[in-house]
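Let's take a walk through this protein, starting with the whole chain and ending up inside it. Have the model open as you read.

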Amino acid sequence: MLKIYNSLTQRKEEFKSIQPGKVNIYVCGVTVYDYCHLGHARTYTAFDVIIRYLRWRGYQVNYIRNVTDIDDKIIKRANEIKEDFQVIVKRFTTAMREDFSALGLLPPAEEPTATEFIPQIIAMIKKLLANGHAYVASNGDVYYDVRSFNDYGCLARRNIDQLESGARVEINDVKRDPLDFVLWKLAKPGEPYWESPWGVGRPGWHIECSAMSTNVLGDHFDIHGGGKDLIFPHHENEIAQSEAATHTKFVNTWMHAGYLQIDKEKMSKSLGNFFTIRDLLKEHAPEVLRFFLITSHYRSPLQYSDSVIHQSRNALERFYTALRDLPQADTIKDSQYEQQFILAMDDDFNAPVAFSVLFELAHEIQRLREKDLQAAAEHGALLRQLGDVLGILQDDPQQFLQSGAKNLVVDAIKIEALIVARNQARANKNWSEADRVRSELAAMSVVLEDGPTGTSWKIG
């Protein structure tokens, strides 16, 4: 029985999809005005694991992740560097896809953009105006009337008066209420714009996702996700807009990934404490970064540090060491490890417990290796299969172990030649020469492992 923590009800619930065997899921995507940082990777890698697991368990998953390609931040960036906003959007959308692919993220079934859905956005705003949930302000902008929606605050678990007490009141604000938010914003001179019944302008951020998700997945769908920072106001506003426009329940299950933190602060561009994905990929193997991102529970905060990345590398080395030199084999059937893995992941995708099962499985492979290589290989095939559910352990073990902690370029031919020379020196009982060669290899960060089948090596 799969149980998922629902942010709306704040409890774990048995998951039942609207259509048996099918899951429709929408995850709020990136605003493409810069390179993606590791905080983005934390959110989308978490949902990548969720989607992989649902598919492995037999669900047909329709995964939609949007791109916000018009926004105040994009316009500001275009003005700063004096470049057309569409050029910026194209560049950083391409970069986002490259970075996500490097981390092993599966592409969404569809990737709608806000500018492609302008007609649908305008149609939804018209509905909200017609049924009294929106109004045209004195400056021509269109706003959502928050107090017209009785359940406003249901996701944030606060009533409207509590929310209003913390709302920012702007000077000369044209809104009826501080919590009201813009649906259509009239364009300033020189800004991108689209025609609308209320004048040339562009959509507000919140209405984009309501229009895109309901038009692609329908008015009512299974799962809506994103980072915890989107709970309020973005997802709260999505509920208000969508349900007021469609007169039906918007989403069954709301899921939110925890923050990536540095020194206990959320990683974000606004705080300036971020690392881009592509910069970190220059220093670390993609699988090491992915492993770091998925080993904590997806709802928990995740602390970034060099030492934690180093620990992730060491953990992967344990797995690949267990898999190294195993012959091809079919996966062991009806294993206790697989059942324990399923129990962990069925409990709101509890990756830490799932990984503890994989470590036990790796230990069992090493134990079996000495007495039953075939059984070890069958367990190794299971480790690879379960690793694939998490998007890891699909590389060649020797290649991973010899790649180095920081994607070092190593001269494998030279290393292998030195190992042959050392082994020849040992065979001739020339211990001083053998030690000299070993020292030379150590200076190259090469760690030797002598075993019954010969000498293997890795970059340490």
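Two residues count as being in contact when they have heavy atoms within 4.5 Å of each other. With that in hand, look at the contacts in the protein chain between residues at least 6 apart in sequence: 74% of them join residues at least 24 apart. Keep in mind that what you're looking at is a predicted model.

Now for the overall picture. The protein chain has 16 helices and 15 strands, and its C-alpha atoms fill a box of roughly 95 × 50 × 35 Å along the principal axes. Of its 460 residues, 53% count as buried.

Next, step inside. In soluble globular proteins, nonpolar side chains tend to be buried together. Here, the largest nonpolar core takes in 128 residues, and Phe341 and Phe349 are the members that touch the most others. Helix 1, spanning residues 38-56, gives the most to this core, with 10 residues.

Zoom in on Phe349 and who does it touch? Leaving out residues up to four places away in sequence, Phe349 touches Leu2, Ile4, Ile50, Tyr53, Leu54, Met255, His297, Tyr298 and Ala344. There's also a second, separate core, made up of nine residues, with Ile415, Leu418, Leu441 and Leu448 among them.

Technical notes: Residues numbered from 1 in each chain as written. Predicted model: local features only at pLDDT ≥ 70, side-chain atom pairs only at ≥ 80, totals over all residues. Heavy atoms only, no water. Core = buried A, V, L, I, M, F, W, Y, C linked by side-chain atoms within 4.5 Å. Buried < 20%, exposed > 50% of the residue type's maximum accessible area, 1.4 Å probe, protein only. Helix = DSSP H or I, 4+ residues; strand = E, 2+ residues; numbered from the N terminus.
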